[in-house]
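Subject: Handover of a structure and summary of findings

Dear colleague,

Please find below the structure that I am handing over to you.

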Amino acid sequence: VLKEPGRKAETKSYVYCMRGGPPEKSVILYDYNEKSHQQFVSDWFEGFRGYLHVDADNFFEQIGQVVSLVNCNAHARRKFEPIVKATKGKGIAKEAMHFFKKLYGIEREAKNNQLSPEQRATLREQKSKPLLDEFKQWLEEIYPTTLPQSPLGKALHYCIKWWPGLTRFLEDGRLE
């Protein structure tokens, strides 16, 4: 928003896209906010109990104490993409991408087979959970060997820091 009264054009604002409600009455809502994002999010979801799909922005941390945040694995995967593109041959980032590729393959299998949420939860328990357990162990072994402020170190740290939210989709077959 370039010409808002009392604000510089380069001041950050957000448009939130929220989707929710029962499956038969789902709604998509857009709301603009130019002020305190943490307060905005807190006010919007006051009294709400359940799951929220969010990115790992820090202003969601406060509400993560009363709702279950489901973080986006696509955001985690994207941290490794530029590293993979910039390197030749094998490497740690490419190994991380293999975990994501397998995980996405499992989700594709659920979608292609039009699994119900219950069936999807069972598939995830059988296939995704062991894969994620292996990925977490790998992350914990690899991270101490990297420079924390390097792009690779930051990508690995992101996964470790947000791990509970990145794996929360295992709890409920309705979650993405």
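Helices (H or I, at least four residues) and strands (E, at least two) are DSSP runs, numbered from the N terminus. On that basis the protein holds 6 helices and 4 strands, and their order along the sequence is β-β-α-β-β-α-α-α-α-α. This is a predicted model, in which local features need pLDDT of at least 70 and side-chain atom pairs count only at pLDDT 80 or more, while totals for chains, interfaces and linings use all residues. Residues are numbered from 1 along each chain as its sequence is written, and side-chain values use heavy atoms, with hydrogens and water left out.

Overall dimensions and burial

The C-alpha trace spans about 55 × 40 × 30 Å along its principal axes. Of the 176 residues in the protein, 35% are buried; buried means under 20% relative accessible area, exposed means over 50%, and partly exposed lies in between (1.4 Å probe, protein chains only). Contact means heavy atoms within 4.5 Å. Among the contacts with a separation of 6 or more, 48% are accounted for by residues 24 or more positions apart.

Helix packing

Two packed helices are described by the angle between their axes and the distance between the axes. Axes are lines fitted to C-alpha atoms, for helices over the stretch in contact, and angles run from 0 to 180 degrees between N-to-C directions.

Helix α2 (residues 73–86) and helix α3 (residues 92–112) cross at roughly 145 degrees, and their axes come within 9 Å. The crossing of α2 with α3 is left-handed, a term for the near helix being turned anticlockwise from the far one by less than a right angle (right-handed if clockwise). On the α2 side, the residues that meet α3 include Phe80, Ile83 and Val84; on the α3 side, they include Met97, Phe100 and Leu103. The contact of α2 with α3 comprises 11 nonpolar, 1 polar and 3 charged residues. Here Ala, Val, Leu, Ile, Met, Phe, Trp, Tyr, Cys and Pro count as nonpolar, Asp, Glu, Lys and Arg as charged, and the others, Gly among them, as polar.

Helix α4 (residues 117–142) and helix α5 (residues 151–161) pack at an angle of about 130 degrees, and their axes are 10 Å apart. The two are therefore oblique to each other; angles under 35 degrees count as roughly parallel, over 145 as roughly antiparallel, 65 to 115 as roughly perpendicular and the rest as oblique. The crossing of α4 and α5 is left-handed. Phe135, Trp138, Leu139 and Ile142 of α4 make the contact with Leu156, Cys159 and Ile160 of α5. These residues divide into 7 nonpolar, no polar and no charged.

Cysteines

How many disulfides does a search of the whole structure find? The search finds 0, where a disulfide is a pair of cysteine sulfur atoms within 2.5 Å. The sulfur of cysteine 72 has its closest cysteine sulfur in cysteine 159, at 11 Å, which is too far for a bond. Cysteine 72 is partly exposed, with a relative accessible area of 25%, whereas cysteine 159 is buried at 1% relative accessibility.

Individual residues

Arginine 168 lies in the segment after α6 (163–167) and is buried, with a relative accessible area of 18%. Leaving aside neighbours within four places in sequence, arginine 168 is in contact with Tyr51, Ser68, Leu69, Val70 and Leu175.

Glutamine 114, in the loop between α3 and α4, has a positive phi of about 50 degrees although it is not a glycine. Glutamine 114 is exposed, with a relative accessible area of 69%.

Yours sincerely
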